[in-house]
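The sequence and structure come first.

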There are 4 protein chains.
Amino acid sequence: MTHAHAMLQTHPRASALEEGPLLACIEACFDCAQSCTACADACLGEGDVEMVIRCIRLCEDCADICLATGRIVTRQTELEPAPVRAVLQACAEACRACAQECERHAGHHEHCRVCAEACRRCEEACEEALTSLA
Amino acid sequence: MTHAHAMLQTHPRASALEEGPLLACIEACFDCAQSCTACADACLGEGDVEMVIRCIRLCEDCADICLATGRIVTRQTELEPAPVRAVLQACAEACRACAQECERHAGHHEHCRVCAEACRRCEEACEEALTSLA
Amino acid sequence: MTHAHAMLQTHPRASALEEGPLLACIEACFDCAQSCTACADACLGEGDVEMVIRCIRLCEDCADICLATGRIVTRQTELEPAPVRAVLQACAEACRACAQECERHAGHHEHCRVCAEACRRCEEACEEALTSLA
Amino acid sequence: MTHAHAMLQTHPRASALEEGPLLACIEACFDCAQSCTACADACLGEGDVEMVIRCIRLCEDCADICLATGRIVTRQTELEPAPVRAVLQACAEACRACAQECERHAGHHEHCRVCAEACRRCEEACEEALTSLA
């Protein structure tokens, strides 16, 4: 069992979301934040950096919103649905934009291919958490 | 001139937003993140902490999303409107929820009164940035 | 292979650290940030919240420094040793302080026991990354 | 009075640091995080981006550690000196490294000149907070 899973199971309060989609969303957000931070940095280290300016920018934004979302969905105490829903929507939107850009570079930059995969998984996990929260 | 203002004026690319609402939004996001971090901690230091559990939780969420939003709106290079719009909406929503809760404690906790003020200013600044972006 | 591992292997530049300790450190930092965010929130949801004020505070600090460290050690391009070393030391220190406090509550709060474990693993991973960087 | 100042004055617990250096440090950390985020993005938008790769990387690191430090020094409840001291040292180190690099570009990129100024102020503010904490 991952620490994230154990932390969820030992929380004293019931969650407003089902455990499966919630755990998947928590883990995908932190994972995607790490991949996007790594992809922005890997792009910066490429010889053709001027071709991946947009990729770096979208990765930076995606990492920031994924970290905020990962922390927010981690919290179960006194959950207020409206802001949690809005942040999940923003995270899905940022993941979608970042995935689309990374996919354009996936053929020549392997890190963009991996990052796009992490973004697509996080986008889906946020959408499923939204369904579970609704 | 603040550093935030000077950084905006010296950016090599034109922004998609008008300077006034953009600068106000950047500054309000970082300011609100700081106030919410302080309010959560001040609540934690109060004798009646069990009365402000919800306030602490909403302040923590608001700080996280304000920091992410502050960094995202700071960036002008290759701005993609859809995720920026979504993150501004999420930030306004989190500020609104946090302000409402802080206002309930404003009569007996002065830090909640100040924090509510920072949240309301940030909520408005995000709404105005949204109008400017549209 | 985790996304973090794949991102490290596809980076265009050589890292200043050995792959094993570096990957362990990256993954431990994000994992510990998540556990500490969860533990602070779980403590907040406990009936005896006034007994875990110090635990909440140390968890919040530990989460913040773990996230910053996780992002910083993720970056391989143009690594400057002095600040990376200092941030790894700060992260190890925060993990140690948080683990000590969580261990005091591990007998009655299972989430504190799990969080202490995540903190100890991250403390060790930062120490090993420091040895690898030196 | 800034919100940060008002939040400090309305905190229910006494701080371990003197108010002057503490407030200066809190404000400098958030200010420097914003400037570094802006400078990394402005560098990314320059025509000669391949000349400022190192500047972007050091700005990203500096922004991350400044945000963590800003949040940590904002908290007064149950302050544990060892990790706070370590994080202030890490922040000062990151600001110094970033300022040195930004100063190299200050002649041709005005945003680097402004950012170096924000970094130097934050470096000093962290050093003074360390003296006050000792």
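In this predicted model, D:Asp64 forms a salt bridge with B:Arg71, and their closest N and O atoms are 2.8 Å apart. A salt bridge here is a side-chain nitrogen of Lys or Arg within 4 Å of a carboxyl oxygen of Asp or Glu. The count between chain B and chain D is 4 salt bridges. Across the interface of these two chains, 20 residue pairs are in polar contact, both residues being at pLDDT 80 or more. A polar contact is a pair of N or O atoms within 3.5 Å; within protein, one must be able to donate a hydrogen and the other to accept it, and residues adjacent in sequence count only if both atoms are side-chain atoms.

On the side of chain B that touches chain D, two or more residues come from each of α1 (3-9), α2 (19-44), α3 (53-74) and α5 (110-133) of chain B. Helices are DSSP runs (H or I, at least four residues), numbered from the N terminus. The largest share, 11 residues, comes from α2(B).

| Class | Members | Residues on the side of chain B that touches chain D |
|---|---|---|
| Nonpolar | Ala, Val, Leu, Ile, Met, Phe, Trp, Tyr, Cys, Pro | 15 residues |
| Polar | the others, Gly among them | 11 residues |

The contact (heavy atoms within 4.5 Å) takes 37 residues from chain B and 37 residues from chain D. The area buried between chain B and chain D is about 3300 Å², and carbon and sulfur atoms give 62% of it. B:His3, B:Met7 and B:Arg71 supply 23% of the area that chain B buries against chain D, more than any other three residues. Buried area is the accessible area (1.4 Å probe) that two parts lose on being put together, summed over both.

Chain B can be laid on chain D with an RMSD of 0.0 Å by a turn of 180° and a shift of 0.0 Å along the axis. That is the relation of a two-fold axis. In chain B, the C-alpha nearest the axis belongs to B:Phe30, 3.3 Å from it. The same surface serves both copies, as 100% of the contact residues of chain B recur in chain D. Copies are superposed by least squares on the C-alpha atoms of residues with pLDDT of at least 70 in both.

C:His111 lies in helix α5 (residues 110-133) of chain C. C:His111 is buried, with a relative accessible area of 1%; buried means under 20% (1.4 Å probe, protein chains only). Its side chain makes a polar contact with that of C:Glu46 (2.8 Å). Not counting residues up to four places away in sequence, C:His111 touches residues including A:Met7, A:Pro12 and C:Cys43.

Residues are numbered from 1 along each chain as its sequence is written, and chains are lettered from A in the order in which they are written. Local features need pLDDT of at least 70, side-chain atom pairs count only at pLDDT 80 or more, totals for chains, interfaces and linings use all residues, and side-chain values use heavy atoms, with hydrogens and water left out.

How values were computed
Buried < 20%, exposed > 50% of the residue type's maximum accessible area, 1.4 Å probe, protein only.
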